[in-house]
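Subject: Structure for your review

Dear colleague,

Please find below the structure that I am passing on to you. My notes on it follow directly after.

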Amino acid sequence: QVQLVESGGGLVQAGGSLRLSCAASGSISSLNTMYWYRQAPGKQRDLVGFLTNGSNTRYVDSVKGRFTISVNNAENTVYLQMNRLSPEDTGIYYCNLEDWGHGARKEYWGRGTQVTVSS
């Protein structure tokens with residue numbers, strides 16, 4: 001069974017930076033995509049960006065140029081570096097793994113980590 005654990009959230013002032021981590025444990029195939037989502041208070045969970053095929057990244061427009069997704073394969077950890085944070089980035093950040101090993105799609109979620117950006 002795959003488990004995802006996010007960490008690194010906290011309170012930061014506008015303009016500051018945080019780096020979130022998503023540590024994965026269990027059996028994960030090489031055919032996977034790791035997504036980062038966030039959910040602001042009272043709003044739906046929205047995609048922030050993703051890492052696929054181990055190196056290709058995509059981001060939503062609102063975070064392009066500010067957020068960067070990277071991976072440490074040796075530690076099975078994916079990172080979300082967040083710079084120039086604004087209050088609009090406040091929310092719970094979740095990592096989500098989509099795994100296509102053995103031709104079957106499996107999906108896993110972490111429990112999230114809270115990010116609060118003060119103005």
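The notes below cover the nonpolar core, the strand pairing and the aromatic rings.

This is a predicted model, in which local features need pLDDT of at least 70 and side-chain atom pairs count only at pLDDT 80 or more, while totals for chains, interfaces and linings use all residues. Residues are numbered from 1 along each chain as its sequence is written, and side-chain values use heavy atoms, with hydrogens and water left out.

The largest nonpolar core has 25 residues, and those with the most contacts inside it are L4, W36, F67, L80, M82 and Y93. A nonpolar core here is a set of buried Ala, Val, Leu, Ile, Met, Phe, Trp, Tyr and Cys residues joined through side-chain atoms within 4.5 Å. Buried means under 20% relative accessible area, exposed over 50%, and partly exposed in between (1.4 Å probe, protein chains only). Among the strands that each supply at least two residues of this core are β3 (18-25), β4 (32-39) and β9 (91-99); β3 gives the most, with four residues. Strands are DSSP runs (E, at least two residues), numbered from the N terminus. Leaving aside neighbours within four places in sequence, L80 is in contact (heavy atoms within 4.5 Å) with L18, R19, L20, W36, V48, F67, T68, I69 and Y93.

Strand β11 (113-118) also contributes to the core. Two strands pair if DSSP finds at least two bridges between them. β11 pairs in the parallel sense with β2 (residues 10-13) over four bridges, and V12 stands opposite V117. Three bridges join β11 to β9, and these two strands run antiparallel; G91 has V115 as its bridge partner.

Rings of Phe, Tyr and Trp (its six-membered ring) pair if their centres lie within 6.5 Å; planes under 30 degrees apart count as stacked, over 60 as edge-to-face and the rest as tilted. By this rule there are four aromatic pairs. Y37 and W109 form a tilted one, at 5.1 Å centre to centre and 50° between the planes. W109 counts as partly exposed because its relative accessibility is 35%. Y94 and W109 form an edge-to-face pair, at 6.3 Å and 85°. Y94 counts as buried because its relative accessibility is 9%. Ring pairs link Y35, Y37, F50, Y94 and W109 into a cluster.

Yours sincerely
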